[in-house]
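Here is a friendly walk through a protein model, with its strands, a loop and some aromatic rings as the stops. Have the structure open and follow along.

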Amino acid sequence: MFRLILEVHPIYLLLGILVPIVAFFPLRKAYIDYRIRKLGGVRCPLIATNPIAGMPFFTSAAWNQINNTLLDFYQNMYRHATPESPDTVEISSFGMARFLLTRDPEHIKTVLTTKFGEYGKGPRFHEAWSPFLGDSIFTTDGQLWSDSRALIRPMFIKDRVRDLEIFDKWTTKLMNKMPPSGQTVDMMDLFYRMTLDVTTDFLLGHSINSLENPTHQFVDAFQEVQRIQMMLTILSPFRLFIPKHRYYSGIKVLERFIEPYIERALSLNPAELEKLSKSDKDMTFLHNIARYTRDAKVIRDQLMAVLIAGRDTTAATLSWTIYELANYPATYRKLRNELLSTVGPHRTPTYEDLKSLTYLTHTLNETLRLYPAVPYNLRAALQDTRLPGKPGQPDIVVLKGDVVTYSTLAMQRRRDLYPEASDKFADPATFSPDRWENWTPKPWNYIPFNGGPRICVGQNFAMTEMAFTLVRILQKYERLEYRGDWHAQYHRAEIVGAPGHGVPVAFYEAQDGDDAAA
């Protein structure tokens with residue numbers, strides 16, 4: 001057999017290899033077109049359907065991610081769009097699943113709620129993310145996802161979030177780390193360290209104490225694993241070729257940190273865990289999960305998921321809020337006056353206080369409008385399904401295994417989704433909490449916490465933590481200045497979008513007389 005192959009002229013051998021490959025992609029496109037027609041729908045505009053056209057897309061996506069210009073790249077994809085499908089385009093490569101990129105609120109609504117059962121994370125996402133997040137709430141579908149959510153939800157009920165002691169403890173430590181009045185500090189660095197301490201304390205009953213030890217090995221590993229995970233997601237068709245040594249090494253560091261706590265929790269018998277559950281002070285997220293499962297891997301996976309959700313999203317949103325407030329002193333004054341009139345300059349705010357501070361809520365909503373914490377997300381089709389077409393247009397067919405990538409960041413920055421700029425409604429590209437006094441977004445045009453059955457289970461926890469932190473800072477400081485080039489800031493898009501230059505600012509402490517005047 002091999003002797004016969006060797007006797008074939010090299011040119012014929014080469015043609016025998018290349019012809020089937022070259023023929024495969026147009027035949028595959030024709031087959032997909034046939035399936036779509038049979039299902040009574042259409043394709044959205046095509047960027048590429050073969051490796052020659054697709055490779056530049058994926059390499060450009062990786063380059064833009066590394067250079068923190070992913071939003072510009074994503075928005076630029078829609079130059080391929082058509083009037084019939086202005087906000088959804090398609091790309092495929094190497095004969096694998098198609099990727100549909102969208103910033104259409106109706107399409108996002110469809111995958112998150114209208115056809116929730118027909119879309120999910122899918123097997124490819126699970127395979128790519130499971131080394132890090134395992135079989136957690138963020139990587140699973142169906143019963144596994146439902147079980148994960150049921151494990152997590154009890155620790156985020158309103159009665160637990162109302163207890164602000166953990167926020168008070170770590171916000172106090174944060175403010176003790178802030179320099180004297182007028183000196184420069186990178187608030188993003190402090191926020192990321194504080195929220196890691198809050199989250200590990202909440203999860204494990206023991207903090208990593210990052211505010212005191214910023215160079216902890218855990219912190220570096222956590223950042224590195226997320227950076228590589230984002231690259232593995234962007235370059236999904238090529239992830240087998242991406243070096244992963246640092247990725248797996250980083251995961252091992254994280255596991256070594258949390259494993260002793262898991263072992264300690266599992267050493268408690270059911271009666272001891274039940275007794276702990278009666279105490280708000282001693283009961284942790286870890287103890288609660290251990291009440292329902294004795295599987296160390298299940299516990300490990302849920303801890304990893306909540307760790308990434310609890311630390312990065314909150315820290316990034318707080319960072320963007322301070323960044324914007326530094327450029328709008330009138331907004332800072334208005335916000336400070338509101339909270340001083342409600343809470344005063346020294347009193348610890350209650351849960352009810354935080355919920356009554358309307359302008360503070362507007363400020364956080366405006367930050368999340370411009371900078372949704374998770375800027376890019378995806379859902380895979382679990383069966384042949386559809387996305388709704390524009391009025392008068394046929395639906396877009398999505399075949400089983402196809403991936404719908406959606407960007408809340410791109411959608412929430414679409415000017416056509418907002419009213420015309422006016423005295424009551426600032427340019428949508430600018431930071432203006434005042435717009436929320438006379439405007440409410442249309443459903444699905446604003447979804448910073450996702451939506452549908454998979455809406456963020458920790459939404460109230462995060463909003464309460466951010467509100468508490470901002471109140472304590474604004475109570476103490478009457479103004480702030482940005483120390484750097486405010487306009488040079490950029491959006492660093494990894495799993496969570498954060499300010500690429502950090503947030504270097506100087507706060508100026510209020511005097512008692514100033515507080516009284518306010």
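## Strand E3 and its partners

Leucine 101 has threonine 405 in E9 as its bridge partner. Before going further, please keep in mind that this is a predicted model. The pairing of strand E3 with strand E9 (residues 403–406) is parallel and comprises 4 bridges.

Strand E3 also pairs with strand E2 (residues 88–91), here in the antiparallel sense, again over 4 bridges. What covers the two faces of E3 (residues 99–102), and are its residues buried or exposed? Both faces are covered, with Phe99 and Leu101 buried on one side and Leu100 and Thr102 buried on the other.

## An open sheet of three strands

Now turn to an open sheet of 3 strands, in the order E5-E13-E10 and with antiparallel pairing. Strand E5 (184–186) and strand E10 (477–482) are the edge strands; each has a single partner strand, so one side of each lacks a neighbour in the sheet. From one strand to the next, the twist averages 40 degrees.

E10 and strand E13 (residues 504–509) run antiparallel and are joined by 5 bridges. Along this pairing, leucine 480 faces phenylalanine 507 in E13. Helix H16 (residues 329–343) lies across both E10 and E13, and runs at about 155 degrees to E10.

## Serine 210 in its loop

Serine 210 is found in the loop between helix H10 (187–204) and helix H11 (217–234). Is this serine 210 buried or exposed? Serine 210 is buried, as its relative accessible area is 1%. Leaving aside residues up to four places away in sequence, serine 210 touches Arg193, Leu196, Asp197 and Val219.

## Aromatic rings

There are 26 aromatic pairs in the structure. One of them is the tilted pair of tyrosine 74 and tyrosine 376, with 5.6 Å centre to centre and 55 degrees between the planes. Tyrosine 74 belongs to helix H4 (residues 70–76), while tyrosine 376 sits in the loop between helix H18 (358–370) and strand E6 (377–381), so the pair ties together parts 302 residues apart in sequence. Tyrosine 74 is buried at 6% relative accessible area, and tyrosine 376 counts as buried at 14%.

Elsewhere, ring pairs link Phe156, Phe167, Phe202, Phe285 and Phe461 into a cluster. Arginine 479 lies over the face of tyrosine 508, 3.8 Å from the ring centre.

Note on methods. Residues numbered from 1 in each chain as written. Predicted model: local features only at pLDDT ≥ 70, side-chain atom pairs only at ≥ 80, totals over all residues. Heavy atoms only, no water. Pairing = 2+ DSSP bridges. Axes fitted to C-alpha atoms, helices over the stretch in contact; angles between N-to-C directions. Contact = heavy atoms within 4.5 Å. Buried < 20%, exposed > 50% of the residue type's maximum accessible area, 1.4 Å probe, protein only. Phe/Tyr/Trp six-rings, centres within 6.5 Å; stacked < 30°, edge-to-face > 60°. Lys NZ or Arg CZ within 6 Å of the ring centre and 35° of its normal.
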